[in-house]
Amino acid sequence: MQTLLQETTRRAIAYLEGLDARPVAPTQEAIAQLRMFDEPLPDGPTDAESVLQRLDDLGAPATVATAGARFFGFVIGGTLPAALAANWLATAWDQNSALYNVTPGTAVLEQVALGWLRDLFGLPAGCAGSFVTGATVANFCGLAGARHAVLAKVGWNVEANGLFGAPPITVVVGAEAHPSLIKSLGLLGMGRDRVVKVPVDDQGRFRPERLPPLSGPTIVCLQAGNVNTGAFDSFAEICARAHQAGAWVHVDGAFGLWATACPERAHLTRGIADADSWVTDAHKWLNVPFDSGLAFVRDADALRAAMAVTASYLPTETERRNPSDYTPELSRRARGVDVWAALRSLGRSGVSDLIERTCRHARRFATGLEAAGYAILNDVVLNQVLVSFGDAPTTRRVIERIQQEGTTWCGGTVWQGHTAMRISVSSWATSDSDVDRSLDAMLRAAAS
Ligand SMILES: Cc1ncc(COP(=O)(O)O)c(C=O)c1O
């Protein structure tokens with residue numbers, strides 16, 4: 001075991017140290033080599049060191065350098081050193097972190113991290129939290145709590161009776177809701193297509209004056225951080241109107257919720273704590289390893305009612321928090337450990353600095369591109385920049401050249417009918433000089 005893990009460390013360090021010099025996208029040769037994995041299941045055992053060598057030799061070159069400093073394709077932060085190391089250690093512990101009585105160490109770490117997160121985000125002290133795979137499943141958790149509560153209010157027990165014959169629930173979303181939120185609604189039996197879509201403005205913000213009159217069991221879904229523009233909905237105003245009608249307000253803040261932890265950006269989130277459930281990803285802006293999403297629900301009983309199970313063989317009785325009382329999974333890895341380590345290493349000022357620094361990088365990209373004559377299509381309020389290099393085919397060609405050249409990697413999008421390149425900055429590792437190197441590569445690609 002010792003030699004194997006030391007060798008693993010050596011290989012991981014070599015990988016991380018090599019990221020700066022390699023192209024961000026894998027080469028065609030590296031991708032072609034992947035066919036070597038396509039072999040019949042071996043008849044007998046292979047020693048672990050040979051397995052590792054094969055994995056590293058064939059797998060590592062075919063990775064995209066998302067752990068490096070110049071990947072801006074999606075909101076995919078790198079991994080903070082403390083979070084990476086904690087993740088390795090917790091993997092060695094191999095705790096099935098479902099129940100406090102079985103895995104007290106990781107259950108307590110998760111509870112501590114939850115308290116820190118509530119504090120950072122300014123959420124109510126009593127709200128419950130789920131540590132899950134990502135914002136899609138976190139949305140599922142928050143909306144499951146919402147579904148429970150709005151139906152319980154009219155005397156319907158949805159966990160016991162399902163939705164067959166249940167009073168209908170009105171679900172209101174902004175027209176720019178992330179597709180994964182819509183998917184979560186579908187998974188919960190609330191339908192992908194039966195939602196009421198409220199029109200949005202030129203930044204993708206829910207237009208509050210278009211909120212329809214609400215009555216009966218209702219869930220209103222808002223967004224903190226549009227995936228293209230980074231824009232935020234008007235939480236204070238919409239929450240007040242929704243609550244007057246007895247509706248539940250859910251906020252998808254897959255990356256935008258982190259703005260609450262940064263004094264320079266917190267104004268964007270005004271009134272967000274008035275909502276009833278909130279979602280974010282730790283694998284995005286907190287820079288912990290994949291996968292790691294978080295849901296928070298003001299009414300802890302509603303979330304527990306939707307998620308908890310008991311069985312005679314399970315030691316569920318405890319005064320402490322059972323992690324799996326708040327998640328769809330029973331067996332689960334101790335995701336809270338990575339989150340705890342990231343927060344413990346950064347502290348309050350470190351989180352704020354990470355958010356502000358990456359937002360400043362986004363502004364630097366926008367300024368440089370604009371100065372070169374290219375159109376920025378969004379208000380750059382957060383970490384997102386949408387740039388057009390001309391008409392749609394030209395913009396697509398520039399994106400392709402940038403990806404092939406390898407200094408950096410960005411993807412394309414279509415924003416309200418305009419084809420654009422999307423720049424998302426979220427890695428702790430990105431420096432001013434990485435931004436400048438990437439900007440140079442973009443301008444070279446656009447000029448060629
Ligand atoms: C606003 C928003 N919601 C939800 C998601 C889905 O997150 P995940 O991929 O972690 O499930 C994303 C991902 O980019 C997002 O930007």
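The buried residues of helix H10 (residues 300-307) are covered by elements that include strand S1, helix H6 (135-152), S5 and strand S7 (293-297). Contact here is between heavy atoms within 4.5 Å. Helices (H or I, at least four residues) and strands (E, at least two) are DSSP runs, numbered from the N terminus. This is a predicted model, in which local features need pLDDT of at least 70 and side-chain atom pairs count only at pLDDT 80 or more, while totals for chains, interfaces and linings use all residues. Residues are numbered from 1 along each chain as its sequence is written, and side-chain values use heavy atoms, with hydrogens and water left out.

In H10, Ala300, Ala302, Leu303 and Met307 are buried; buried means under 20% relative accessible area, exposed over 50%, and partly exposed in between (1.4 Å probe, protein chains only). Seen down the axis of H10, these buried residues fall within an arc of 165°, so they line one face of the helix. The arc is that of the directions from the helix axis to the C-beta atoms.

S7 belongs to an open sheet of seven strands with mixed pairing, in the order S1-S7-S6-S5-S4-S2-S3. Two strands pair if DSSP finds at least two bridges between them. The edge strands, S1 (128-132) and S3 (196-198), each pair on one side only. Five of the five residues of S7 are buried: Gly293, Ala295 and Val297 point one way, and Leu294 and Phe296 the other way. Valine 297 in S7 stands opposite alanine 128 and is also the bridge partner of serine 277.

A second open sheet has four strands in the order S8-S9-S11-S10, with antiparallel pairing. Strand S8 (375-376) and strand S10 (411-415) have a single partner strand each, so one side of each is left without a neighbour in the sheet. Leucine 386 stands opposite arginine 422 in S11. Helix H12 (residues 392-405) lies across S9, S10 and S11, and runs at about 30° to S11. Axes are lines fitted to C-alpha atoms, for helices over the stretch in contact, and angles run from 0 to 180 degrees between N-to-C directions.

| Strand pair | Sense | Bridges |
|---|---|---|
| S4 (residues 218-223) and S5 (residues 248-252) | parallel | five |
| S1 and S7 | antiparallel | five |
| S6 (residues 277-281) and S7 | antiparallel | five |
| S9 (residues 384-388) and S11 (residues 418-424) | antiparallel | four |

A nonpolar core is a set of buried Ala, Val, Leu, Ile, Met, Phe, Trp, Tyr and Cys residues joined through side-chain atoms within 4.5 Å. The largest one has 50 residues, and those with the most contacts inside it are Leu117, Val220, Trp258, Trp278, Leu286 and Phe296. Helix H11 (335-371) is among the elements that each supply at least two residues, and its six residues are the largest share. A second, separate core of 34 residues includes Ala128, Ala135, Ala138 and Ala149.

Threonine 106 lies in helix H5 and, at 2% relative accessibility, counts as buried. Leaving aside neighbours within four places in sequence, threonine 106 is in contact with Trp93, Gln95, Ser97, Ala334 and Val337.
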